[in-house]
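Opening the notebook on this one.

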Amino acid sequence: VRVSGVIAPGRLPWVGHAAAVARHPLRFFEQLQGRGGMVGVSFGPLSTVFLTEPELVHQMLMDRGGVLDKGRFYDKVRPLAGNGIVLANGEDHRRQLAVVKPAFHHRHLAAHTTVMRDVAATATGAWQPGRPIAVDKQMHAITLRILARTMFGAGVDDHAVAELIRLLPGVLRGIMTRTVTPDALLRLPLPANRRFDRAFADLRAAISRIMRAHRGSATDGGDLLSMILATRDPRTGRPPTERDVCDQIVAVTMAGSETAATSMAWTFYEIARHPQVEARLVAEIGAVLGDRPVEAADAGRLPYTRQVLQESLRLHQPILVISRRTTGELDLSGVRVPAGTELFYSPYGLFRDAGLYPRPHDFDPGRWQTRPVSALPRGAFLPFGGGPRHCLGEHFAWLMMTVVVVEVLRRWRLRLPRGFQARAMPWATINPRSLPMTAYAAPAPTLEDAR
Ligand code: HEM
């Protein structure tokens, strides 16, 4: 499909841009910015179009004509991960949205805050002063525990949560690996394939056990599992199968665990590198919250904390590419994109576009003070996407990140090894290859901090 005349540099015969992407994925997508709105990128015989201007991204996400599905990559993931909300297209997606969305309603956030606070306090309370901590792994464990306890409701027992935390990361990693593995290799009885199959079977069994326990308990019904279990198939009137439930849990966890965990890890990395940012955060938290527990409404009462998290989401945007495919003709700023076109954009690349963000590689929370999102062109900063596939967990994620930052900074100051530079590794999300930090007990706030 040739929509624009601009072809990304680095194309080779046969493989197209696949080699350039494989060599330096982050650099490749960053340098596409500023090359013209629509840039052709090919992977072997597959031609795709990358959108590099905010207006085009906005129009794609809004999908006013309803002609977009999630594209080819998801076709490959679906047989592995099931057809949960992140993967479903068209009518399937609309039906699932009606089931899943209420679980993310504002009225549940207060109860979720208690879980978030509890999990963060327990995890960080176990840290030892002066001892190294793998902050990336800690953030993953905290996020998964919070997700498990909020998705399954208060009734879920600790053993079940521990099972999920043990099994989910391997399954999610396996799904990612499989999407880039040739189909023929997946069918062979290789140890890696058998391990994956076993881990997935164990995960399904664990979710089934939770489901059965949940059916037998009197829960408040505000959790995701209750909502899924209460649905009936509009054609048959039947309740969801164990497989449907498992697919949905895997989909929501896929969407919410890596993204949030990685963002929090990068935030602590940048806080440690910017002592003045840390000092302002500590001061704000002290001034606004004092000693009282952080509540759901506090996510809106800590403006500097929000700027720091927002800058972290910009500079360390966890999502490398977002995809769509046209199922009918699409008009993008007057350009007619034919049906069957694979469209992409890179949030990571867009958020580092020097034309939109001066000194794009600097971590500067203050930039949001001088130029808020409303002053940027539409489509320029949508870390949670937009339109019909907008992130359902956006408020949940802001709250979780805020609670974890507050709980950590109340107890600890995290420090990096001297001269340590985190290396970004693009995988399911763009995460730090490792993030060893040392925790020191937080000093009592000084008069200066409290001012
Ligand atoms: C910093 C953390 C997060 C970021 C940056 C993020 C970002 C996104 C983005 C960009 C999308 C849209 C993808 C697309 O357009 O194809 C999305 C979708 C989604 N997110 Fe998030 N997300 C985060 C956290 C979460 C959390 C914590 C949850 C759940 C607890 C969650 C649940 C979802 C779901 C269910 C979807 C699919 C919506 C649909 O297709 O209808 N996300 N997320």
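Started with the elements around the ligand. Helix H5 (90-100), helix H12 (242-273), strand S5 (322-326) and helix H17 (394-411) each put at least two residues into the shell. Helices here are DSSP runs of H or I with at least four residues, strands are runs of E with at least two, and numbering goes from the N terminus. H12 is the top contributor to the shell, with five residues.

Before going on, a note on the source: this is a predicted model, where local features need pLDDT of at least 70 and side-chain atom pairs count only at pLDDT 80 or more, while totals for chains, interfaces and linings use all residues. Residues are numbered from 1 along each chain as its sequence is written, and side-chain values use heavy atoms, with hydrogens and water left out.

Next, the shell itself. I get 26 residues surrounding the ligand, and the closest are Lys70, His93, Arg324, Arg389 and Cys391. Being near means having a heavy atom within 4 Å of the molecule. By class the shell has 16 nonpolar, seven polar and three charged residues. For the classes, Ala, Val, Leu, Ile, Met, Phe, Trp, Tyr, Cys and Pro are nonpolar, Asp, Glu, Lys and Arg are charged, and the others, Gly among them, are polar.

Which side chains have a polar atom by a ligand oxygen? Lys70 has one at 2.8 Å from an oxygen atom of the ligand. For Arg324, a side-chain N or O atom is 2.8 Å from a ligand oxygen. Arg389 has a polar side-chain atom 2.9 Å from an oxygen of the ligand.

Then I followed H12 to H17. Their axes come within 10 Å and cross at roughly 40°; axes are lines fitted to C-alpha atoms, for helices over the stretch in contact, with angles from 0 to 180 degrees between N-to-C directions. The two are therefore oblique to each other, i.e. not under 35 degrees (roughly parallel), over 145 (roughly antiparallel) or 65 to 115 (roughly perpendicular). On the H12 side I find Ala260, Ser263, Met264, Thr267 and Phe268, meeting Met400, Met401, Val404, Val405 and Val408 in H17; contact means heavy atoms within 4.5 Å. That contact has eight nonpolar, two polar and no charged residues.

Val277, Arg280, Leu281, Glu284 and Ile285 in H13 meet Pro303, Tyr304, Thr305 and Val308 in H14. This contact counts six nonpolar, one polar and two charged residues.

Terms used. Polar contact = N/O pair within 3.5 Å; in protein donor to acceptor, adjacent residues only side chain to side chain.
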